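The following exercises concern the packing and the surface of one protein chain. Please work through each task before reading its solution.

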Amino acid sequence: MTIKELTIGKIKLRLTDPARSSVYGELLNDIKLRAKTAQIEPKDSDIAAAAKRLCKTLVEAIKVVEGELLKQYEAQIKIVEELVPQKASIEDVTAFIETYLIDNPDLTIKQMGLVMKDLKGKFGESLDGKE
């Protein structure tokens, strides 16, 4: 999804799907604020990062709310999760690394940055460097 699509979706869905429109609006506000603060132009790639932040915020919020607000937050989480890239599986990452090491047998630990760069290039936002 692009920033333009988010903007159009926010406007079009205002009456038919207010929850989705609201989520799109929150994402756009976050993207624009961060871009303005950093004095850069917003990019479509900022959507995934904004979606991750919003999802994390909503997950924390549902721990302390109940009733109708809880249902609203849960619905928003489902919408946001559609925009968050799915994590690469450990099996896929392991297979890539094994193949990489076979193809590059002369690699040393000092060249780990090269492997990480290629991992990021292959998996992009779906790579979770924490696992």
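The model is predicted, so local features need pLDDT of at least 70 and side-chain atom pairs count only at pLDDT 80 or more, while totals for chains, interfaces and linings use all residues. Residues are numbered from 1 along each chain as its sequence is written, and side-chain values use heavy atoms, with hydrogens and water left out.

**Exercise 1.** Determine which residues have the most contacts inside the largest nonpolar core.

Solution. A nonpolar core is a set of buried Ala, Val, Leu, Ile, Met, Phe, Trp, Tyr and Cys residues joined through side-chain atoms within 4.5 Å; buried means under 20% relative accessible area, exposed over 50%, partly exposed in between (1.4 Å probe, protein chains only). The largest such core has 21 residues, and L6, V23, L27 and V80 have the most contacts inside it. Two or more residues come from each of α1 (3-16), α2 (18-38), α3 (46-61) and α4 (68-83); helices are DSSP runs of H or I with at least four residues, numbered from the N terminus. Helix α3 gives the largest share, seven residues. A second, separate core of eight residues includes F96, V115, F123 and L127.

**Exercise 2.** List the contacts of V23, leaving aside its neighbours within four places in sequence.

Solution. With contact taken as heavy atoms within 4.5 Å, the partners of V23 are L54, Q76, I79 and V80.

**Exercise 3.** Classify L101 and M116 by accessibility.

Solution. L101 lies in helix α5 (residues 90-103) and is partly exposed because its relative accessibility is 44%. M116 lies in helix α6 (residues 112-123) and, at 42%, is likewise partly exposed.
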